[in-house]
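Here is a short briefing on one protein chain. The points are grouped by topic.

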Amino acid sequence: MSQKLLKLIHKENVSPSSDIYHFERSDGSNFEFVGGQYVILNTGNDEDGKSIKRAYSILSSDSKKDPFQICVKRLGTGKASSILPELKLGSELEYSGPWGKFVGDPTWPSPGFSLILATDTGITSLAGLLLSKKFSGRLDSTTAVWFKTKEEDFLSENELRKILKSVPNFPSIFQIPPISASDRVSTVLEILKSILGDCTVPDNAFLSGDGNVLREVRSELIRLGTLESRIGMEAFFHTQKNPSPVISLG
Ligand SMILES: Cc1cc2nc3c(=O)[nH]c(=O)nc-3n(C[C@H](O)[C@H](O)[C@H](O)COP(=O)(O)OP(=O)(O)OC[C@H]3O[C@@H](n4cnc5c(N)ncnc54)[C@H](O)[C@@H]3O)c2cc1C
């Protein structure tokens, strides 16, 4: 099978720690995707010769023709996120996708109230969904929420407003404790409770960002009555539940 390649045609540094990249397919054909889906980029090989493949959610609207955009956080020590800012315009990267079966399912969301919730860098997939064709007719029954730390400068509110200028419902933004803080999950759950009140049970939900937070939010939504099959989740980091500490009995 022939290699699938994307060409970098534009990049913008949008904050000290993030860049937006505009890609199009190298063979000139359209890049078809459903809002909220992601691509996997092969950014090169590490020192052991292993390819560095990373997933990035598509930030731009699925109703726009090429190019499409992603926003990547510079993590300092991260492999792919250190290579990408050095990429020259015209460079080509091998890719796979778009991926994301859940958002790609034409039967989701079902009629009713939808909650789109993101933490940290998960805002990219939240934006992709709000801008998507499938949500365009149902934004009045959709609530979008972004939980971020005070220090997070991935996308400023101004930048996000520019990206979401065609969408009437701008996400409610809540400040939460740092990624390693012990009260991070409980803070999110408290805020979630206040947003949903006593009686609003989402019929559909999509969660993206910190896996440690999302797993608890999903459990809470199921407890409230949202069908598990109607909840999509993409952990960008903390993808695995931390194993329970080993307890020594003797
Ligand atoms: C479905 C999906 C969509 C994603 N979409 C995006 C996106 O739109 N934008 C984006 O910047 N990243 C996104 N990511 C994360 C991305 O795939 C990489 O994990 C990230 O760029 C780090 O790769 P790296 O090679 O630079 O770091 P690595 O060398 O892999 O290591 C960096 C470490 O940082 C952790 N990490 C990853 N993201 C964060 C974060 N936000 N805050 C703190 N720690 C983190 C990783 O878990 C890892 O332990 C997505 C991940 C998934 C699974």
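E1 and strand E6 (residues 92–99) pair in the antiparallel sense, over three bridges. Two strands pair if DSSP finds at least two bridges between them. Helices (H or I, at least four residues) and strands (E, at least two) are DSSP runs, numbered from the N terminus. This is a predicted model: local features need pLDDT of at least 70, side-chain atom pairs count only at pLDDT 80 or more, and totals for chains, interfaces and linings use all residues. Residue numbers start from 1 along each chain as its sequence is written.

**Strand E1 and its partners**
- Lys-7 stands opposite Glu-92 in E6.
- E1 also pairs with strand E2 (residues 18–25), in the antiparallel sense over eight bridges.
- Leu-6 has Arg-25 in E2 as its bridge partner.
- Two residues make up the hairpin link from E1 to E2.
- Strands of a sheet pair through backbone hydrogen bonds, either parallel or antiparallel.

**The five-stranded sheet**
- Five strands form an open, parallel sheet in the order E9-E8-E7-E10-E11.
- Strand E9 (172–175) and strand E11 (231–237) are the edges, and each pairs on one side only.
- Neighbouring strands of this sheet are turned by 10° against each other on average, direction ignored.
- Axes are lines fitted to C-alpha atoms, for helices over the stretch in contact, and angles run from 0 to 180 degrees between N-to-C directions.
- Strand E8 (residues 142–148) pairs with E9 in the parallel sense over four bridges.
- Lys-148 has Gln-175 in E9 as its bridge partner.
- Helix H3 (residues 123–130) packs on the sheet, where it touches strand E7 (114–119), E8, strand E10 (204–210) and E11.
- The direction of H3 makes about 150° with that of E7.
- Contact between two residues requires C-beta atoms, placed from the backbone, within 7 Å.

**Domains and their contact**
- The chain is assigned domain 1 (5–100) and domain 2 (102–237); such bounds come from an automatic or database domain assignment.
- The C-alpha centres of the two domains lie 23 Å apart.
- The contact takes 19 residues from domain 1 and 20 residues from domain 2.
- On the side of domain 1 that touches domain 2, strand E1 (5–15) and strand E5 (68–73) each supply at least two residues.
- E5 gives the most to that side, with three residues.
- By class, that side has seven nonpolar, ten polar and two charged residues.
- Ala, Val, Leu, Ile, Met, Phe, Trp, Tyr, Cys and Pro count as nonpolar, Asp, Glu, Lys and Arg as charged, and the others, Gly among them, as polar.

**Nonpolar core**
- A nonpolar core is a set of buried Ala, Val, Leu, Ile, Met, Phe, Trp, Tyr and Cys residues joined through C-beta atoms within 7 Å.
- The largest one has 48 residues, of which Ile-116, Leu-117, Leu-126, Leu-130 and Val-217 touch the most other members.
- H3 gives the most to this core, with five residues.
- Domain 1 and domain 2 both give residues to this core, so the core lies between them.
- Leaving out residues up to four places away in sequence, Leu-130 touches Ile-116, Phe-135, Ala-144, Leu-164, Val-167 and Asn-169.

**Ser-81**
- Ser-81 is in helix H1 (residues 80–83).
- Ser-81 is buried because 20 other C-beta atoms lie within 10 Å.
- Buried means 20 or more other C-beta atoms within 10 Å of the residue's own, exposed 12 or fewer, and partly exposed in between, with C-beta atoms placed from the backbone.
- Its C-alpha atom is separated by 9.1 Å from that of Arg-54, 27 residues apart along the chain.
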